[in-house]
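Hi everyone, thanks for coming.

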Amino acid sequence: MKTKAFIKHALTGNEAAAYAMKQINPDVVAAYPITPATEIVQIFSKYVSNGEVTTEFVPVESEHSAMSVCVGASASGARVMTATASQGLALMHEILYIAASLRLPIVMVVGNRALSGPINIHCDHSDAMGSRDSGWIQMFCENANEVYHTVIMAVKIAEKVNLPCMVGMDGFIITHGMEVIETIDDEEVKRFISKRTPLYSVLDIEKPITIGPLDLFDWYFEHKRSQLEGMLQAKKVIPEVVEEYNQRFGTNFPAFLETYRMDDAEFAIISMSSAAGTMKEAIDIKREEGLKVGLLRIKTTRPFPYEILREKTKGLKAIGIMDRAESWSTMGGPLSIEVKSALYPLDKRPFAIDFVFGLGGREFPIEDAFKIIDITRKLSEGEEFPEFVHIGLKE
Amino acid sequence: MKFKSWKDLPEGAIVRDVPTSPEFKTGDWKSRTPKYIPEKCTHDLLCWLYCPDSAIHVKDGKIEKFDLDYCKGCGICASICPQDAIEMVEEEV
Ligand code: SF4
């Protein structure tokens, strides 16, 4: 059944996220302001003051406390959301692992921003990449419209698999960029996310439990294996929920990976987030010139869609992977390392090169997108390049 | 409940069969054991009050026994006893 009852708004990414949170009306929101995600909870606190939501809003003294409150509230069975960015996410780091291992479906919007130092408030992915292995589901949106819809889907996904979920959007580029957003009706949102059925509740005095026990060499390993089961389950549940959403609302969002002009592509660019929008434009232009180039936009990085990548890169001569973060491995950024290891078991692999770009909000103009396409094309023709190159760097 | 594999564990590493602390015999790492001398004891119960592991059991206002499953051998009971009715002796290995 399709209900294409969209209401159009002109909203920034932050406003879109806050609006989705209003419609979700979570039981608890605990947050601490940080650029460029401040507005999300600032706007949300207005909803609270105006009585437009019934959320228990907890303004805390740090992000470490914000995530700690989220953990406590979620362990009681509440539906819990928050938002942060950069240093704030870094300060939550310790508690992120606890949220995931306690299997608490907290949904957090992250305005992706560079990490200090030097101090920088602009976009890159080093914050989210720093929490790559924390056990959270991680999604990255291309534009504000996708942020709005993904936040709603994330609630359902997280609660179905009992894992926390981060929804990323590029700092300033999306958090502060205004777009036309197509929202769905409040009632439709409620119906879609329905009610949370928690695994357990610390407030259930009929069934007392202990959470967060000491767990040494005898069972810690087994608990980690059990936690992995949630991520494996997420690989099934994410496409189901996204499909259900697309069906119901006539949208077309990818679960893990979006393919763009890949049909007869000879080489492809692999990208994430807002840069994919610029890259699509560049690919359209290069396609006109006869280049057989396509785009694979990775939406979900945890769980990592390695099987789909193997499938979608089949027959390609080369791939150019775009990383908006450093990994300090000296072999490129984190995305390229994961993409390359995903393809390693294949007999025939495309040539691969990594493009580290846009750190600290360095602009990514279409000329740079052309450069990336050009280098990847040359690579597909057998020209040799280093493991990774910097794009947009003053060399 | 006894677990055999990771598949038996409740999700979220929670513990359902609470309380579980009685099953965790914390006394196995002591190197000294309190030796109780009933003839000297006046049952003022200071040791019972001070024992950090509730390892001293009292019945009808009198010392009943030292529960060595949970006694960690710290010696607080012996040092607090005004009658020297508790002596710490080396554990035999
Ligand atoms: S030695 Fe320490 S733990 Fe053992 S009974 Fe005395 S006070 Fe309690």
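I'll go through the domains, then the salt bridges, then the contact between the chains, and end on one histidine.

Some ground rules before that. What you see is a predicted model, so local features need pLDDT of at least 70, side-chain atom pairs count only at pLDDT 80 or more, and totals for chains, interfaces and linings use all residues. Residues are numbered from 1 along each chain as its sequence is written, chains are lettered from A and ligands numbered from 1 in the order in which they are written, and side-chain values use heavy atoms, with hydrogens and water left out.

Okay, chain A. The domain assignment gives domain 1 (7–249) and domain 2 (257–391); bounds like these come from an automatic or database domain assignment. Taken over C-alpha atoms, the centres of the two domains of chain A are 28 Å apart. Where they touch, 26 residues come from domain 1 of chain A and 24 residues from domain 2 of chain A, contact meaning heavy atoms within 4.5 Å. Together these two domains bury about 2100 Å², 53% of it on carbon and sulfur atoms. Buried area, by the way, is the accessible area (1.4 Å probe) that two parts lose on being put together, summed over both.

The rule asks for a side-chain nitrogen of Lys or Arg within 4 Å of a carboxyl oxygen of Asp or Glu. Over all chains, the count comes to 30 salt bridges.

The two domains of chain A also have 18 residue pairs in polar contact between them, both residues at pLDDT 80 or more. A polar contact is a pair of N or O atoms within 3.5 Å; within protein, one must be able to donate a hydrogen and the other to accept it, and residues adjacent in sequence count only if both atoms are side-chain atoms. On the side of domain 1 of chain A that touches domain 2 of chain A, α5 (126–130), β6 (137–140), α6 (144–161) and α8 (220–249) each supply at least two residues. Those labels are DSSP runs numbered from the N terminus: helices (H or I, at least four residues) and strands (E, at least two).

Let's look at some salt bridges one by one. Asp133(A) and Arg302(A) meet at 3.2 Å, N to O. Asp133(A) sits in the loop between α5 and β6 of chain A and Arg302(A) in strand β12 (residues 300–302) of chain A, 169 residues apart. Asp133(A) is partly exposed at 48% relative accessibility, whereas Arg302(A) is buried at 13%. The cut-offs are under 20% relative accessible area for buried, over 50% for exposed, and partly exposed in between (1.4 Å probe, protein chains only).

Next, Lys299(A) and Glu146(A) form a salt bridge at 3.0 Å, N to O. And Arg377(A) pairs with Glu381(A) at 3.1 Å, N to O; Glu381(A) is exposed, with a relative accessible area of 55%. There is a network as well: salt bridges with shared partners join Glu142(A), Glu146(A), Glu258(A), Lys280(A), Arg297(A) and Lys299(A).

Now for chain B. Its contact with chain A takes 13 residues from chain B and 16 residues from chain A. The two chains bury about 1400 Å² between them, 67% of it on carbon and sulfur atoms. Trp6(B), Leu9(B) and Glu11(B) supply 41% of the area that chain B buries against chain A, more than any other three residues.

Which side chains meet in a salt bridge here? Arg103(A) and Glu11(B), at 3.8 Å, N to O. Across this interface of chain B and chain A, the rule finds one salt bridge. Arg103(A) is in the loop between α4 (86–101) and β5 (107–112) of chain A, and at 1% relative accessibility it counts as buried. Leaving aside neighbours within four places in sequence, Arg103(A) has contacts including Leu199(A), Gln233(A) and Gly12(B).

Last stop: His9(A), in strand β1 of chain A. A polar contact of 2.9 Å joins the side chains of His9(A) and Thr183(A). His9(A) and His390(A) are 381 residues apart in sequence and 37 Å apart in space, C-alpha to C-alpha.
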